[in-house]
Amino acid sequence: MKSFFKYVLATMLGIILSSILLFLILLGGIGAMVSSQDQPVKIKSNTILHVELEQPIMDRSNNNPFENFDFSSFKPVVQLGLNDILANIKKAKSDPNIKGIYLDLTVVPAGIATIEEIRNALIDFKESNKFIISYSDTYTQPSYYLASVADNVYMNPEGLLMFVGLRSEVMFFKEALNKLGIEPQIIRHGEFKSAVEPLMYKQMSKENRLQIQTYMGSIWDHMLNGISDKRNINIKKLNDLADNLTLRDAQLAVENGLIDKLKYKDEVLAELAELTDKKDIKKIESVSLPKYTKVPEHNRKSLEKNKIAVVYASGNVIMGEGEEGTIGSDRISRAIRKARMDSTIKAIVFRVNSGGGSALSSEVIWREVKLAQETKPVIASLGDVAASGGYYIVAPAQKIIASPNTITGSIGVFGVIPNGKELLNDKLGVYVDVVKTNKNSDIYTIFRPMSAQEREAIKYGVEEVYETFITHVAEGRDMSIEEVDAIGQGRVWSGANAIENGLIDGFGGLQEAIQLAAEAADIEKYRTVDYPELKDPFEQIMKELQGNVKASVIRQELGREYRYYNTLKNMIGMKGIQARIPYDVEIY
């Protein structure tokens, strides 16, 4: 028996020691991979910057090696943020070793406002008289909009250019809920606050149809204007091409002026070789965006004392700490407070990309933005979406700028409490009994319908939040409460609409916001610092190895459909009164 226990203990000890050794080897391997990515490459003369945008584009790069980890090859996939993409294009403009840009496009997994910022950066790059060539086997509407700035736009002879206009499809669940025996008990303010319409109707209300038609038409018009300007095709013709489904094959795209030539990829590479004075495509010198990120700027300036803080807030607005990809009220308000109290920071750029979320969380962040604006200039930069709670938190800013394609507004609030009594009692035969100390102790229960008194109490809270919301906007935008209410009521606007109704001050992206902040602070020389500070890569590795790696596995398995999983997860996490845009907007 003693021998048995001795062997068991020896085996257990061996397993533990082996696990520790394997963990250390794994940690060392990942650390080596992360470290190797930090080594800058040497750029030779006549190098091409290879722009391939196949990974989802967030507002800023994430140094988490597990964020897009490829478990099949056991290598981290670099996912650049918009900040680094814009910086790379700007750097390439003045880099004497960069001869031009090769856009390698198909689907660009980014919002249309993000694509607009990259497109504007490419337009600025062309002032250097360096070439831009775009190629794809097929083009979606957003990827073609980006490609349209190129000197030459090429496509595979058997490829397809999708050009049919924009559409909005909203799914309604009222009848399904009726069949299941679930009653959605809804309290909202705003005739346009359509977040809850799928639970109430079988089709869009006239108000919702109007707002979608307004902002969607505005975005399409802006895209057509941009394509018309760069391709020299009048807007009427572009609309006719979409209406008549003219571009049925690649040759028709050439004949109608949207594509310059049909080429195979080897032919495009041969042209790139010629443009860079190479006799063979094997001799082409190129550098990818991720590798170029580590290349120091040509004529890099000395480190400036004055700083502009860029505070990034992306995702669902929630209470608590949150993490990268969510707007945790504690984490973001602390970052703003830290920037406010740092005397070397002369101005703050608040970059927001959010459809909103918790109204209380929005109020917590709003307070810190207001305090910061009283101390130093705060410029708000709106990304793809800055609506409802996402607009709430930027209301005190000195100036608000956005893309014409930004989705914003949605100034309204709502609350939903499902009543599952019929589902439980009649459909499933399940009954719930309760013991309570007071009449309304179970006010938020989902096992019975609300009483008139309870509905009135919740409605009072919704109305209070809405009044606070429009008061903040009125104060920040120098408007009357009546003026804000007229453009509020939960209505969604595009950036082009928002400049007309006073919700934003002008058009521009992140770089323009930083320039405005410098002007407002009256400084010429400065450097930017990012907040909230990202965790050290080693700290990220330790966190992921403790169990958070599951999100990376799910993201890799689901691919582009991960967004649906994430949306469902956010819905489950909803608590309290919500200031949230009705839906996710994606342009195809």
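Predicted model: local features only at pLDDT ≥ 70, side-chain atom pairs only at ≥ 80, totals over all residues.
Asn 46 is found in the loop between helix 1 (2-37) and strand 1, and this residue has a positive phi of about 60 degrees although it is not a glycine.

**Backbone geometry**

- Most residues other than glycine have a negative phi, and most peptide bonds are trans.
- Besides Asn 46, with its positive phi of about 60 degrees, Ser 388 is a residue other than glycine with a positive phi, here of about 55 degrees.
- Ser 388 sits in the loop between strand 15 (378-387) and helix 14 (389-392), and because its relative accessible area is 0%, Ser 388 counts as buried.
- The peptide bond from Tyr 531 to Pro 532 is cis, with omega near -10 degrees, and Pro 532 belongs to the loop between strand 21 (527-531) and helix 20 (537-548).

**Sheets and strand pairing**

- Strands of a sheet pair through backbone hydrogen bonds, either parallel or antiparallel.
- An open sheet is built from 6 strands in the order 8-6-5-4-1-9, with parallel pairing; its edge strands, each pairing on one side only, are strand 8 (261-262) and strand 9 (286-288).
- Within this order, strand 4 (residues 98-104) and strand 5 (residues 131-139) pair in the parallel sense over 5 bridges, and the bridge partner that Gly 100 has in strand 5 is Phe 131.
- Helix 10 (residues 265-275) has Val 268, Glu 271, Leu 272 and Ala 273 as its buried residues, and these pack against strand 1 (47-51), strand 4, strand 5 and strand 6 (152-161).
- An antiparallel pairing over 7 bridges joins strand 7 (residues 183-189) to strand 18, with Arg 188 standing opposite Phe 414 in strand 18.
- Strand 18 (residues 413-419) is mostly covered, since 5 of its 7 residues are buried.

**Packing of helix 2 and helix 3**

- Helix 2 (residues 82-94) and helix 3 (residues 112-125) pack with their axes 9 Å apart and at an angle of about 10 degrees, which means that helix 2 is roughly parallel to helix 3.
- From helix 2 the contact draws on Leu 82, Ile 85, Leu 86, Ile 89, Ala 92 and Lys 93, while helix 3 contributes Thr 114, Glu 117, Ile 118, Ala 121, Leu 122, Asp 124 and Phe 125.
- The residues of this contact divide into 9 nonpolar, 1 polar and 3 charged.

- In soluble globular proteins, nonpolar side chains tend to be buried together.
- The largest nonpolar core holds 62 residues, of which Leu 53, Ile 118, Leu 161 and Phe 163 touch the most other members, and the largest share of this core, 8 residues, comes from helix 7 (residues 206-231).
- Apart from this core lies another of 53 residues, including Ala 372, Ala 395, Ala 474 and Met 479.
- Phe 163, leaving aside residues up to four places away in sequence, touches Gln 141, Trp 220, Leu 224, Ile 227, Leu 238, Leu 241, Ala 242, Leu 247 and Leu 258.

**A buried charged residue**

- Glu 454 lies in helix 16 (residues 452-477), and because its relative accessible area is 1%, Glu 454 counts as buried.
- Not counting residues up to four places away in sequence, Glu 454 touches Asn 440, Asp 442, Ile 443, Arg 448 and Pro 449.

Methods
Residues numbered from 1 in each chain as written. Heavy atoms only, no water. Core = buried A, V, L, I, M, F, W, Y, C linked by side-chain atoms within 4.5 Å. Buried < 20%, exposed > 50% of the residue type's maximum accessible area, 1.4 Å probe, protein only. Helix = DSSP H or I, 4+ residues; strand = E, 2+ residues; numbered from the N terminus. Contact = heavy atoms within 4.5 Å. Pairing = 2+ DSSP bridges. Axes fitted to C-alpha atoms, helices over the stretch in contact; angles between N-to-C directions. Parallel < 35°, antiparallel > 145°, perpendicular 65-115°, else oblique. Nonpolar A, V, L, I, M, F, W, Y, C, P; charged D, E, K, R; others polar.
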